[in-house]
Amino acid sequence: MSGLVAAAEGLLVPPGQGRVVQAPAQHVTFKVTGSHSRMASTFEVIVPPGFDVGAHVHTRSEELFYVLEGELDVLAFEPRIRTPDGWEKWESSSGNRVVRATPGTVIAVPPGCPHAFANPTGEAAKLFFQAGPPPDHERYFEELLEILGDGGPPDHEAIEALRAKYDIEQLTPLKHR
């Protein structure tokens with residue numbers, strides 16, 4: 001049957017489904033991976049109280065965050081001065097400051113834009129998160145959660161090497177309780 005093209009099929013991931021990778025610091029459910037999309041990997045991320053991803057920047061990757069539940073402090077701008085800690089106090093040259101993101105908040109992060117999020121509350125938060133192009137963030141999450149999986153303090157040297165491998169320049173440290 002030459003000339004026939006197989007019908008394309010979409011992907012449906014029901015609630016509560018998807019491959020889960022987790023550690024005491026984070027719980028990530030893979031919803032759409034590079035095997036299903038050329039545009040972006042898509043995740044549902046549970047951010048526990050006390051988790052701070054640390055300010056960082058990508059040269060090639062683009063990200064989108066949508067807060068589903070809870071509250072997060074969020075940064076998505078170039079600060080006047082990049083200090084090695086305390087991104088929560090950063091301010092842009094146009095006066096932008098870190099905001100408290102609540103359910104329904106969307107954060108779009110283009111390549112080259114410093115960004116961060118932290119959960120300073122006592123309750124877990126949940127994010128819809130897309131990162132493109134795939135599959136870098138899939139591999140990054142898998143390897144990061146292996147590093148964080150022991151429940152002890154983060155191995156900052158291992159995390160730094162991992163982030164360099166996946167186009168992530170860390171500006172302030174990752175932290176979790």
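How many bridges join S5 to strand S10 (residues 125-132)? Seven bridges join these two strands, which run antiparallel. The tour below returns to this pair after a view of the whole molecule.

**Before selecting anything**

The model is a predicted one, in which local features need pLDDT of at least 70 and side-chain atom pairs count only at pLDDT 80 or more, while totals for chains, interfaces and linings use all residues. Residues are numbered from 1 along each chain as its sequence is written, and side-chain values use heavy atoms, with hydrogens and water left out.

**Stop 1: the whole protein**

Display the chain as a cartoon. It contains two helices and eleven strands; helices (H or I, at least four residues) and strands (E, at least two) are DSSP runs, numbered from the N terminus. From the N terminus on, the order of elements is β-β-β-β-β-β-β-β-β-β-α-α-β.

The C-alpha trace spans about 65 × 40 × 35 Å along its principal axes. The radius of gyration, taken over C-alpha atoms, is compared with a globule rule of 2.2 Å times the number of residues to the power 0.38. For 177 residues a compact globule would have a value near 16 Å, and the protein has 17 Å, which agrees.

Buried residues make up 43% of the 177 residues. Here buried means under 20% relative accessible area, exposed means over 50%, and partly exposed lies in between (1.4 Å probe, protein chains only). Contact means heavy atoms within 4.5 Å. Of the contacts with a separation of 6 or more, 73% are between residues 24 or more positions apart.

**Stop 2**

Select residues 26-32, which form strand S2. Five of the seven residues of S2 are buried, so the strand is largely enclosed by the rest of the structure.

Two strands count as paired if DSSP finds at least two bridges between them. S1 and S2 form a hairpin with two residues between them, and Val21 stands opposite Val28 in S2. Next, show residues 41-47, strand S3; five bridges join S2 to S3, and the two run antiparallel. Within S3, the bridge partner of His27 is Ile46.

Beyond residues up to four places away in sequence, Thr29 touches Gln17, Gly18, Arg19, Val20, Thr42, Phe43 and Glu44.

**Stop 3: strand S5 and its two partners**

Select residues 62-69, strand S5. On one pairing, Tyr66 has Phe128 of S10 as its bridge partner. On another, four bridges join S5 to strand S8 (residues 106-109), and these strands also run antiparallel; Phe65 stands opposite Ile107 in S8. In a regular strand the side chains alternate between the two faces of the sheet.

Centre the view on Glu62, a residue of S5. Glu62 is partly exposed, with a relative accessible area of 48%. Its contacts, leaving aside neighbours within four places in sequence, are Val109, Pro110, Pro111, Gln130, Ala131 and Gly132. Glu62 and Gly132 are 70 residues apart in sequence, yet 5.4 Å apart in space, C-alpha to C-alpha.

**Stop 4: strand S6**

Select residues 72-76, strand S6, where four of the five residues are buried. S6 pairs in the antiparallel sense with strand S7 (residues 99-101) over three bridges, and Leu72 has Ala101 of S7 as its bridge partner. S6 also pairs in the antiparallel sense with strand S9 (residues 115-118), over four bridges. In S9, Ala118 is the bridge partner of Asp73.

**Stop 5: backbone details in two loops**

Most residues other than glycine have a negative phi, and most peptide bonds are trans. Select Pro133, in the loop between S10 and helix H1 (136-148). The peptide bond from Gly132 to Pro133 is cis, with omega near 0 degrees. Pro135 is found in the loop between S10 and H1 as well, and the peptide bond from Pro134 to Pro135 is cis, with omega near 5 degrees.

Finally, select Asp167, in the loop between helix H2 (156-165) and strand S11 (169-170). Asp167 is not a glycine, although its phi is positive, at about 60 degrees. With a relative accessibility of 8%, Asp167 counts as buried.
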